[in-house]
Amino acid sequence: MMAKEHSFDISAKLDLQEMKNAVVQTQKEIENRYDFKGIAKEIDFNQGAKTLTLNSSSDNKVEAMYDILISKMNKRGISINSLEELRKEDSSGGNRKFTYSIVDSIKADEAKQIQVEIKKLKLKVKAVNQGDEIRVTGKNIDDLQTIMKHLKSLEFKSPLVFDNFK
């Protein structure tokens with residue numbers, strides 16, 4: 001009888017429903033906050049374009065909105081690395097607009113870096129890049145758990161998600 005192969009996938013998938021929920025909760029909190037009464041405030045989550053736009057009367061207000069959003073994302077288990085700042089610009093009515101891209105995939109250079117880190121551990125595992133995810137296979141579950149722990153301890157731009165553990 002052969003030893004069973006175990007595996008897991010490393011990806012940067014984003015739970016879009018949880019992200020939507022975080023945005024809705026942020027909007028509700030901003031509507032009820034005294035410091036936002038009577039001023040422009042808008043959050044636009046565009047799933048198709050994978051962007052999130054925060055718009056308000058000043059940089060300070062937009063940054064306060066961002067802080068609220070980040071706290072809601074954390075409570076829902078969404079990594080803050082899921083947002084990457086694209087631009088800060090003036091918008092109509094003297095307002096400020098900050099635009100963020102939604103990061104939900106591992107870039108090729110970062111995937112290579114992850115594979116290098118796995119090889120550095122010198123464990124009997126195989127890491128194969130499968131487009132937007134990396135499949136790690138090995139006979140020893142402890143080796144796979146060691147890899148997950150090691151990768152979590154490192155700083156990557158992508159929000160790493162470990163799933164399909166078999």
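**Helix packing**

Author: Let's start with helix H1 (residues 16-32) and helix H2 (residues 59-75), whose axes lie 9 Å apart and which pack at an angle of about 135 degrees. This is a predicted model, in which local features need pLDDT of at least 70, side-chain atom pairs count only at pLDDT 80 or more, and totals for chains, interfaces and linings use all residues. Residues are numbered from 1 along each chain as its sequence is written, and side-chain values use heavy atoms, without hydrogens or water.

Helices here are DSSP runs (H or I) of at least four residues, numbered from the N terminus. Axes are lines fitted to C-alpha atoms over the stretch in contact, with angles from 0 to 180 degrees between N-to-C directions.

On the H1 side, the contact (heavy atoms within 4.5 Å) uses Met19, Ala22, Val23, Gln25, Thr26, Glu29 and Ile30. Their partners in H2 are Met65, Ile68, Leu69, Lys72 and Met73. Sorted by class, this contact of H1 with H2 holds 8 nonpolar, 2 polar and 2 charged residues (Asp, Glu, Lys and Arg count as charged).

H2 also carries Lys61. Setting aside neighbours within four places in sequence, Lys61 touches Asp35, Phe36, Ile39 and Ser56. Its C-alpha atom is separated by 8.9 Å from that of Arg96, although Lys61 and Arg96 are 35 residues apart along the chain.

Now for another helix pair. Helix H3 (residues 108-120) and helix H4 (residues 141-153) have axes that come within 10 Å and cross at roughly 125 degrees. H3 and H4 are therefore oblique as well, and H3 passes H4 in a right-handed crossing. H3 contributes Ile114, Glu117 and Ile118 to the contact, while H4 brings Ile147, His150 and Leu151. Of the residues in this contact of H3 with H4, 4 are nonpolar, 1 is polar and 1 is charged.

How values were computed. Helix = DSSP H or I, 4+ residues; strand = E, 2+ residues; numbered from the N terminus. Parallel < 35°, antiparallel > 145°, perpendicular 65-115°, else oblique. Left-handed = near helix turned anticlockwise from the far one by under 90°.
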